[in-house]
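Visitor: Hi, I have not looked at this one before. Could you walk me through it, starting with the terms I will need?

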Amino acid sequence: MSSVMWIIVSVLVAVFLIMIPVQYRYIAALKKDPRRQGVDQETYYNNMSFQEEQLHYNTQVLFLPSTMVASWIYNWRHRSGKTTK
């Protein structure tokens with residue numbers, strides 16, 4: 001592999017690792033949003049402004065691997081009494 005490829009791969013890995021805590025905080029804030037309480041996901045997104053909806057979409061899609069890892073960590077940390085055997 002050439003040095004250019006190593007640089008590109010290392011930058012992508014760094015972005016992935018940096019974005020995990022950012023996405024975790026984003027997910028935590030999204031779960032605590034008072035507008036979301038007692039409303040299904042479709043209604044929640046339909047009640048958003050266009051700009052806010054696009055921000056949510058871009059945040060989730062552009063950093064998909066980091067979002068997936070952060071979501072897994074969030075769900076693992078916030079298990080509600082569920083035990084695995």
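Guide: A nonpolar core is a set of buried Ala, Val, Leu, Ile, Met, Phe, Trp, Tyr and Cys residues joined through side-chain atoms within 4.5 Å, where buried means under 20% relative accessible area, exposed over 50%, and partly exposed in between, using a 1.4 Å probe and protein chains only. This is a predicted model, in which local features need pLDDT of at least 70 and side-chain atom pairs count only at pLDDT 80 or more, while totals for chains, interfaces and linings use all residues. Residues are numbered from 1 along each chain as its sequence is written, and side-chain values use heavy atoms, with hydrogens and water left out.

Visitor: OK, so which residues make up the largest nonpolar core?

Guide: It has 10 residues in all, namely Tyr 24, Tyr 26, Ile 27, Ala 28, Leu 30, Tyr 44, Tyr 45, Met 48, Ala 70 and Tyr 74. The elements giving two or more residues to this core are α1, α2 and α4, with helices taken as DSSP runs (H or I, at least four residues) and numbered from the N terminus. The most comes from α1, with 5 residues.

Visitor: What does Ile 27 touch?

Guide: Not counting residues up to four places away in sequence, Ile 27 touches Thr 67, Ala 70, Ser 71 and Tyr 74, a contact being heavy atoms within 4.5 Å.

Visitor: And Met 19, buried or exposed?

Guide: Met 19, whose place is in helix α1, is buried, with a relative accessible area of 14%. Leaving aside neighbours within four places in sequence, Met 19 is in contact with Phe 63 and Ser 66. The C-alpha atoms of Met 19 and Pro 65 are separated by 9.3 Å, although these residues are 46 residues apart along the chain.

Visitor: Switching topic, how many salt bridges are there?

Guide: A search of the whole structure finds 2 salt bridges, each being a side-chain nitrogen of Lys or Arg within 4 Å of a carboxyl oxygen of Asp or Glu. Asp 33 pairs with Arg 35, with the closest N and O atoms 3.1 Å apart, and Glu 52 pairs with Arg 35, with the closest N and O atoms 2.7 Å apart.

Visitor: What does the pair of Glu 52 and Arg 35 tie together?

Guide: Glu 52 lies in helix α3 (residues 50-62) and Arg 35 in the loop between α1 and α2, so the pair ties together parts that are 17 residues apart in sequence. Through shared partners, salt bridges join Asp 33, Arg 35 and Glu 52 into one network.

Visitor: How accessible are those three?

Guide: Asp 33 is buried, at 14% relative accessible area, whereas Arg 35 is partly exposed at 44% and Glu 52 counts as partly exposed at 24%.
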